[in-house]
Structure formats: C-alpha cells, structure tokens
Amino acid sequence: MTTNKLRAGMIGMGMIFDDTYRPFFERVHADGMFRRDFGLIEVELSGVASRTGARAQKYRQAAGNRIGPFVSFSGTDAAQQLLPHVDVVCVATPDDRHFEAARLALEAGKHVLIEKPSVLTLQELDQLDQLARKQNVLAKVVYHKLADPDHKKLRTHYVDGNLRHVNNGYCTLLEPKSISGSQFAEWIQGRNPGTYVAVHYIKLIDFTFGDRSPHAPREESVTRSLTPTNWRLARITCNGQRGIVGSAAGSTWDSVQLQVVYAYPDGREAAFDIHTSWVTPDNFPGYVDQEVQFRFDNGVWNAHQRKRGVEMTIEGRTPGEFKITPNHHYNGSFIEPWGERTQRGYGVEIIQKFFEEVAYVEFGGPSDQRLQRLSAMRGLTYNDVSADRNTVAIVQAMEALLFRQAAGQPGCVVEVNTPRGGLVLLTPGKSEATVLYAERV
Ligand SMILES: NC(=O)c1ccc[n+]([C@@H]2O[C@H](COP(=O)([O-])OP(=O)(O)OC[C@H]3O[C@@H](n4cnc5c(N)ncnc54)[C@H](O)[C@@H]3O)[C@@H](O)[C@H]2O)c1
C-alpha cells in the first residue's frame with residue numbers, strides 16, 4: 001500500500017521551531033498522521049530555510065533518527081531554493097519578514113502556515129489572500145491561544161450564552177528581558193512587543209466575542225444557541241515606552257499599552273486594554289506573565305495563564321533553569337505513564353490541526369471534490385488569513401501609532417471604517433487625516 005505524503009518546509013528555525021514545530025515533526029515522523037477521512041498520511045520535514053543554516057545543522061545532529069533527512073538552505077534566496085522540495089510551508093521568521101516568505105510560497109502553489117502575527121498590513125494580507133485563492137491552496141495563521149483549554153471554555157460559555165455581552169477587559173503578556181536582550185537581538189531594531197505578543201490577545205478577543213462564522217462541515221453536530229454578534233471594530237489607541245532595549249528617543253520599544261474599542265449596533269461599546277513588555281526581569285517566577293479579565297453584562301472571567309496551580313521551588317535551579325509557576329498546558333515535556341517521553345500541549349496541537357486541514361484538502365475524498373474541501377477548510381475562521389482582517393488592522397494601527405509617537409506625535413487615534421477610509425490615523429490638534437488603508441477593513 002502506498003501512503004500519501006505531505007512534504008513540509010520550514011522557513012525560520014528559531015525558538016518557535018524548537019518549541020512547537022520540532023515536537024510535531026518528530027511525532028509524525030514516528031507515528032504518521034491518521035484520520036478516518038484522509039487515512040494514514042506521512043508528514044515529513046523535507047527542507048528548511050534559515051538565515052545562516054547553523055541551527056538547521058545543529059538540529060540535524062541533535063535529532064539523529066528522530067527526524068528524516070531534510071535539505072537545508074541559507075542566505076538571501078534560501079526560501080526560493082526550498083520551495084521545489086516541499087508541498088507545505090511553515091513561516092517562522094521574525095514578524096516583519098513573514099510577508100515575503102509567505103508570498104513566495106503561495107506563488108509557488110504551496111499551502112502556507114504563518115506564525116502570528118500573519119503580516120503587518122492589510123495591504124499585505126489582501127495580497128496573500130488573493131494569491132491563496134488564485135492558487136487554490138490554504139493560507140493560515142498560528143494563534144495557539146485559541147486552543148488553550150481555558151480560552152476554549154471561555155468561548156464555549158460565550159457561544160452557549162452563559163456569559164452574555166462582553167463590555168470590557170484587560171489582558172497582559174510580559175516577556176522576560178532575555179527575549180529582547182539576546183534571543184531577538186538580531187532583529188529587534190525598530191520592533192515592539194505589542195506586535196509580537198499583544199496579537200495573541202487581539203485575536204483571542206476578536207475570535208471569541210466577534211466570530212460568528214458557521215462551523216466547518218465536520219463540526220455540524222455542534223449546537224449553536226447564539227444571537228449573532230455584529231459588533232464592529234471602531235478605534236485603536238496606543239502608548240509605548242523606550243529606553244531599556246534601545247534609546248529613549250529611538251524606535252525600538254520596551255513596552256506597549258494598546259486599547260481597542262468595538263461598537264455594537266445599539267450604540268454600546270466594548271473596550272479592551274492589552275499591556276505587553278519584553279523587559280521583565282529574567283528571574284521572574286514564570287517565563288511569561290499572562291493574565292486576562294473580561295467583564296460581561298452578567299459575569300466576570302478571570303484567568304491566569306501562568307498561575308494554574310503549580311508552584312515549584314528547586315534550590316539553585318528555580319526560577320532560572322526551571323520556572324516557579326510553569327504553564328504545562330502550552331508545551332510541556334513529560335514522561336507518560338506508559339514510559340514514553342513526549343512533548344505536547346496546545347502549542348503543538350494547533351500545528352497538527354493545520355496539517356490535518358491540508359491532509360483533508362489533498363486526501364480527504366475524491367479529487368474532483370478537492371475545491372469543496374478547500375473551501376470548507378478556508379471557512380475555518382480561527383486560522384484562515386481571510387478572517388485575520390481585524391487582527392491585522394489593529395496591528396497595522398498599533399505600528400503606525402508607535403511610529404507617530406517616536407516621531408514626536410503621541411496620542412494619535414486610528415478610526416476604523418469611517419467615510420474617510422478603512423483605517424484612518426488622526427493626530428491631535430491637526431485637521432488632516434492619514435489613510436493607512438482605504439478599503440473597508
Ligand atoms: N506562537 C508563539 O507563541 C510564538 C512564540 C515565539 C515566536 N513566535 C513567532 O515566530 C516567529 C519567529 O520567532 P522566533 O522566536 O522563532 O524567532 P528567532 O529569532 O528565534 O528565529 C527566527 C528564525 O528566522 C530565521 N530568519 C530570519 N530571517 C530570515 C529570512 N529572511 N529567511 C529565512 N529565515 C530567516 C532565522 O535564521 C531564525 O532561524 C515570529 O513571527 C514570532 O512572532 C510565535
């Protein structure tokens with residue numbers, strides 16, 4: 001029997017490759033991927049592209065027989081060279097380099113999975129979406145927080161009408177200094193922690209409280225007892241601080257406070273504050289501090305992504321080598337009760353889900369029904385680029401607001417979908433408006 005196969009390519013082999021893609025590829029190398037509708041599929045990491053190739057070489061040596069043979073390309077045209085060797089491409093380069101890699105892959109007719117944030121402007125998102133449609137492939141984004149059991153339960157309560165009508169909330173995600181100081185030192189110039197991590201919560205809010213798309217065909221049995229939410233994104237403001245990662249007058253940010261406002265048709269509004277940083281001390285008790293609170297007409301939801309109950313101290317080893325308040329749900333390495341060593345969690349699950357979607361498109365039924373399967377998978381709004389518009393709009397606005405602040409114009413606001421345009425930046429004391437995106441968001 002011949003087994004169907006997906007050849008995967010990785011563009012970017014940094015921290016997130018090691019955290020989530022590597023355990024996924026090693027697992028499917030050992031076990032394959034099976035579902036009744038698409039059968040047994042081989043998923044192989046067939047090629048990688050990175051800046052220097054050094055990490056690929058290191059990984060090849062460290063992994064031994066946990067992974068199959070793969071080709072490795074480095075340098076400026078590494079992505080281009082990789083493409084003939086693969087069917088599916090995962091883009092995990094720094095956030096301002098996603099677009100080019102994804103565009104090349106889609107142009108070559110490959111299915112694409114992009115790390116969050118997908119891209120930095122709606123103009124780029126439009127291009128990727130159009131290309132994916134033209135080439136009849138999937139273009140998807142990784143937002144693993146949507147698969148966190150706590151966030152899934154939050155959405156389930158909202159969809160089921162237990163928690164009703166969200167009014168406001170806050171989210172915070174603080175990264176340690178080692179991220180800005182060493183891990184990302186190569187590409188941090190001009191970047192900000194908001195684009196890097198607020199985007200997790202931007203998507204969580206937009207998807208959890210705003211998304212009312214029909215469920216995918218495979219999920220038809222899910223009952224929905226919900227009145228449609230037709231809120232709309234209304235405006236975005238943002239502030240940032242500088243002086244630790246870069247100079248106080250420069251364009252590299254230490255911390256960012258973002259506020260996003262949605263409007264309901266009856267005139268009520270919902271506002272969300274998202275605070276982020278990448279200059280928290282490295283001896284912080286958890287890797288990242290993550291907390292949310294959402295307030296509804298009839299309730300409050302508080303969740304701490306770090307303090308989920310485990311607190312551990314080991315003399316001389318916490319909180320450096322091990323953390324005091326670890327999150328074992330995202331991505332933990334375990335010895336299973338049956339003796340096997342595994343690395344698992346929702347960070348890995350969400351990668352597998354994408355590969356299942358590709359396998360379903362390619363092998364989930366007769367070839368003359370491929371387009372129907374493609375369209376069904378494109379309808380999954382948790383990860384399709386076409387459903388990433390609000391998130392990218394907020395990121396685009398945040399970047400423009402920080403740019404203005406660095407240029408000596410703090411306190412600007414971005415309006416959404418007004419007669420002047422889709423994304424319009426207004427400056428205090430000035431009558432002119434800058435259109436960031438002319439079409440409707
Ligand atoms: N899902 C998550 O929670 C999560 C966590 C961390 C990072 N990320 C995202 O993953 C992406 C990468 O982050 P990271 O932490 O792995 O970064 P990193 O700095 O550790 O690694 C970046 C990798 O990209 C490669 N690279 C850089 N420019 C390239 C180019 N032009 N072509 C090919 N390769 C190139 C580098 O060689 C390196 O291998 C970012 O978009 C980030 O937002 C997601």
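Predicted model: local features only at pLDDT ≥ 70, side-chain atom pairs only at ≥ 80, totals over all residues.
Start at the ligand. There are 25 residues around it, and Gly 12, Gly 14, Met 15, Arg 51 and Glu 115 come nearest. By type, the shell divides into 13 nonpolar residues, six polar and six charged. Several elements contribute. Helix 1 (15-31), strand 3 (39-50) and helix 3 (78-82) each supply at least two residues. Helix 1 gives the most, with three. Domain 1 (4-144 + 344-378) and domain 2 (149-326) each provide at least three of its residues.

Now move to helix 6, which spans residues 149-159. Which of its residues are buried? They are His 151, Leu 154 and Tyr 158. Seen down the helix axis, the buried residues fall within an arc of 55°, so they line one face of helix 6. Look to the other side, and Pro 149 and Lys 153 are exposed. What covers the buried residues? The cover includes helix 8 (193-210) and strand 13 (300-304).

Follow the chain out of helix 6. Just after the helix comes Gly 161, with a positive phi of about 80°. Further along, in the loop between helix 6 and strand 8 (166-176), sits His 165. Its phi is near 55°, a positive value in a residue other than glycine. Most residues other than glycine have a negative phi. Is His 165 buried, exposed or partly exposed? It has 18 other C-beta atoms within 10 Å. A residue needs 20 or more to be buried and 12 or fewer to be exposed, so a count in between means partly exposed. His 165 is therefore partly exposed.

Asn 417 also has a positive phi, near 50°, and is a residue other than glycine. Its place is in strand 16 (residues 413-418). Asn 417 counts as partly exposed because it has 18 C-beta neighbours inside 10 Å.

Most peptide bonds are trans. A cis bond joins Lys 116 and Pro 117, with omega of about -15°. Pro 117 lies in the loop between strand 6 (111-115) and helix 5 (122-135). Another cis bond joins Thr 318 and Pro 319, where omega is about 0°. Pro 319 is found in the loop between strand 13 and strand 14 (332-335).

Definitions and conventions. Residues numbered from 1 in each chain as written. Helix = DSSP H or I, 4+ residues; strand = E, 2+ residues; numbered from the N terminus. Arc of directions from axis to C-beta. Contact = placed C-beta atoms within 7 Å. Near = placed C-beta within 6 Å. Nonpolar A, V, L, I, M, F, W, Y, C, P; charged D, E, K, R; others polar. Domains from an automatic or database assignment.
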